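Me: I would like to go through this protein model step by step, with careful answers that I can check against the coordinates.

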Amino acid sequence: MTKPVRTRRRTSEVRALLLDAAASVFARKGYAATTTDDIAAEAGVARTLIFRHFGSKSDLFRAAQLQPFIELMEGFRDSWQAQQAEVWTAERLMRTMVEHMYDSFRAHRHGVLGLATSLEALDQEAAKEAREVLDQVFADVTEIGKQEARRRGWFSEQDLELSIRMIVGMVASMSTMDSLLLPAGRARPSKNQVVDHLTAMALYGIRLHNGELEDGETES
């Protein structure tokens, strides 16, 4: 009887399997409780492949969990550059960015949730690098926002990074915890409805700073 021929997986396929498996296991068990054996078993590959492709559990964690935030920056930059020749309306630009965020966080939801629950459990070096990546992403997005503030003139640069962090958090929670936060059944809004609403809230939110409300009114 002829033995079936075993096909060799491509490097890109193995990396994708490991990244998906790592994101899923980290989200379920947290960083500290997850072992490389757990990840290898989830991916259906030999444990040695983790070290061949990523070097360590920490390296794999960074690759699996930080990818959506790296994509966030790339999407912001691409959207912003696309409207340099012919300036988009604020609504079009914000909606494009919000939809990109939503899709990226949704595609990497296990990684996002895993990062949220595992960051404090990382070893010191890995946690420091994760924080540096996140801080750089928000700094880059804020710089783009400041340039838009100067060009458009209807929102302030003051507290802009905090506003951006909160907008990103809002989109991340609605795209990864939608089953918890959104109504079920026929009352459940479509993706377009969610993105439209998030866009409107983001546009309104960046108008505010230091507790100021629209038309100069302040909270009592």
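Me: Which residue follows H2, with a positive phi?
Reply: This is a predicted model, in which local features need pLDDT of at least 70 and side-chain atom pairs count only at pLDDT 80 or more, while totals for chains, interfaces and linings use all residues. Residues are numbered from 1 along each chain as its sequence is written, and side-chain values use heavy atoms, with hydrogens and water left out. Helices here are DSSP runs of H or I with at least four residues, numbered from the N terminus. After H2 the phi is positive, near 75 degrees, and the residue that carries this value is Gly44.

Me: Why do the buried residues of H2 lie on the same side of the helix?
Reply: In H2, which spans residues 36-43, Thr36, Ile39, Ala40 and Ala43 are buried, a term that means under 20% relative accessible area with a 1.4 Å probe and protein chains only. They share one side of H2 because the arc that they cover around the axis, taken from the directions from the helix axis to the C-beta atoms, is only 100 degrees.

Me: Which helices do the buried residues of H2 pack against?
Reply: Contact means heavy atoms within 4.5 Å. The partners of the buried residues of H2 are helix H1 (11-29), helix H3 (48-53) and helix H4 (57-82).

Me: Is Leu134 buried or exposed?
Reply: Leu134 has its place in helix H7, residues 124-152, and leaving aside residues up to four places away in sequence, it touches Leu66, Phe69 and Leu115. Because its relative accessibility is 11%, Leu134 counts as buried.

Me: Which element gives the largest share of the lining of the largest pocket?
Reply: A pocket is found on a 1 Å grid over the protein atoms alone, as an open set of points where a 1.4 Å probe fits, with protein on both sides within 12 Å along at least five of seven lines, and its lining residues have an atom within 4 Å of a point. The largest pocket holds about 370 Å³ of space, and of its 18 lining residues the closest to the centre are Phe69, Val112, Leu115, Ala116 and Leu134. Two or more lining residues come from each of helix H6 (109-118), H7 and helix H8 (160-176). The largest share, 6 residues, comes from H8.

Me: Which residues does Thr142 touch, not counting residues up to four places away in sequence?
Reply: Thr142 is found in helix H7, and its relative accessible area of 5% makes it buried. With residues up to four places away in sequence not counted, Thr142 touches Leu160, Glu161 and Ile164.

Methods: Buried < 20%, exposed > 50% of the residue type's maximum accessible area, 1.4 Å probe, protein only. Points joined across faces, edges and corners; volume = space filled by probe spheres on them.
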